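Okay, thanks everyone, I'll keep this short. Have a look at the structure first, and then I'll walk you through a couple of spots in it.

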Amino acid sequence: MITADNTALPLSSYLKEQTTSTHESLDRRIMALAPFSNRERFACFLRMQLRLHYATAPLYQNPELQAMLPGLAERNRLDAVQRDCADFNLSEQQQEEDRLAGTSIKPANAEEAIGWLYTHEGSTLGAAFLLKYAKDQLGLSESFGARHLAGHTEGRGLHWRQFKQALDDLDLTPQARSAAVEGARAAFAFVRASVEELMADNQPAAAV
Ligand code: HEM
């Protein structure tokens, strides 16, 4: 529930508070679908990630958002996930389906877009664990199949704290903060729907 006065917390903490239970449920659901049990299942996880990266890529490129969040453009990892998909020989048809699903996303305003970016950037923290599973259980790496899960050269923690600081430096009205929460929740909902469609249906996927 979003209350009328939501300004008590820094924006990054507020976004976290408003999405924590959604994140926990998503995290449990993804792990229950065993993406690291074999490469076919990981390929389904990869397609979910491809959809999310297509959904947010235009936001990382958006000049208005770049002016609000320093260094935004270089955080875009669409290229890395596309290369992972190439490593896995995902079919052109599958990748086109995922491109269409992702690019259908159009946040209504800059604040909703900021919420989407919070959700996507935050996912780079959990990615540390996912990368370890991908390496240990599937033999993938930052240069094959799991490029998009790689940490930033400066370190994941620092890179994330810099992003959170940029969020907290924004001067947003209560309405704009509510819109950011809506965007963050919409991003989680989009990922959850993609998980159910791509990972839960047990569809055949490419494997390498
Ligand atoms: C099985 C999959 C996942 C696992 C195991 C996982 C795990 C984690 C963990 C452990 C953290 C906290 C790391 C830390 O504080 O150092 C985290 C943070 C976060 N994750 Fe996930 N995650 C998963 C998937 C996702 C996905 C798919 C998304 C959204 C696309 C996501 C969004 C976030 C966000 C936004 C945060 C930052 C929360 C904050 O501190 O504000 N996660 N994740």
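This is a predicted model: local features need pLDDT of at least 70, side-chain atom pairs count only at pLDDT 80 or more; totals for chains, interfaces and linings use all residues.

Now back into the helix itself. H1 runs over residues 11–32, so to speak, 22 residues in total. From first C-alpha to last, H1 reaches 31 Å, close to the 32 Å expected at 1.5 Å a residue. There is a bend, though: about 55°, at threonine 19.

Which residues of H1 are buried? They are Leu11, Ser12, Tyr14, Leu15, Gln18, Thr19, Leu26 and Ile30. As for partners, the buried residues of H1 pack against H2 (39–60), H6, H7 and H8 (174–198).

H1 also holds histidine 23. The NE2 atom of His23 sits 2.1 Å from the iron atom of the ligand, and His23 is the only protein donor of that iron.

You'll find leucine 140 in the loop between H6 (110–138) and H7 (156–169). Buried or exposed? Leucine 140 counts as buried because its relative accessibility is 3%, with the cut-off for buried at under 20%.

And what does leucine 140 touch, leaving aside neighbours within four places in sequence? Arg39, Phe42, Phe88, Ala134, Lys135, Gly145 and Ala146. Take arginine 39: 101 residues from leucine 140 in sequence, yet 9.4 Å away in space, C-alpha to C-alpha.

Conventions
Residues are numbered from 1 along each chain as its sequence is written. Side-chain values use heavy atoms; hydrogens and water are left out. Helices (H or I, at least four residues) and strands (E, at least two) are DSSP runs, numbered from the N terminus. Buried means under 20% relative accessible area, exposed over 50%, partly exposed in between (1.4 Å probe, protein chains only). Contact means heavy atoms within 4.5 Å. The expected span of a helix is 1.5 Å times one less than its number of residues. The bend at a residue is the angle between axes fitted to the seven residues ending there and the seven starting there. Donors are N, O and S atoms within 2.8 Å of the metal (3.2 Å for Na, K and Ca); water is not among the atoms, so sites may look incomplete.
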